[in-house]
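Hello,

Here is the structure for your files. My notes follow below it.

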Amino acid sequence: MQGLSSREKCNGVMGVPITFLDKYNPNQFIIIGLDRYVADNPRFGHRFTVNGKETYARILIKRRM
């Protein structure tokens, strides 16, 4: 995880709420997909969990370099 982020900006993948689409700037971010449909999600087809409970759906994005 340390290699994915720096002190100034995040260089890794972030999960953001669906409302992010209202503010989406394609010049700034790349949409990777939805949390439940990312192939390397160990629970493919399910949302990510926090304390054993599924969270709201998240859009996975990455900052353009």
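How many aromatic pairs does the count come to, if rings of Phe, Tyr and Trp (its six-membered ring) pair when their centres lie within 6.5 Å? The count is two. Phenylalanine 20 and phenylalanine 29 are edge-to-face, because their ring centres are 5.6 Å apart and their planes stand at 80° (planes under 30 degrees apart count as stacked, over 60 as edge-to-face, the rest as tilted). Phe20, Tyr24 and Phe29 form one aromatic cluster.

This is a predicted model: local features need pLDDT of at least 70, side-chain atom pairs count only at pLDDT 80 or more, and totals for chains, interfaces and linings use all residues. Numbering starts from 1 along each chain as its sequence is written, and side-chain values use heavy atoms, without hydrogens and water.

Phenylalanine 20 and phenylalanine 29 are both buried (under 20% relative accessible area; exposed is over 50%, partly exposed in between; 1.4 Å probe, protein chains only). Isoleucine 61 touches residues including Gly12, Met14 and Ile31, beyond four places in sequence (contact: heavy atoms within 4.5 Å).

The chain has five strands and zero helices (DSSP runs: E, at least two residues, for strands; H or I, at least four, for helices). Of its 65 residues, 17% count as buried.

Mean pLDDT (confidence per residue, 0 to 100) is 79 for the chain. Residues 1-5 stay under 50. Where pLDDT is low, the predicted coordinates should not be read in detail.

Best wishes

Notes: pLDDT is the predictor's confidence in each residue, from 0 to 100.
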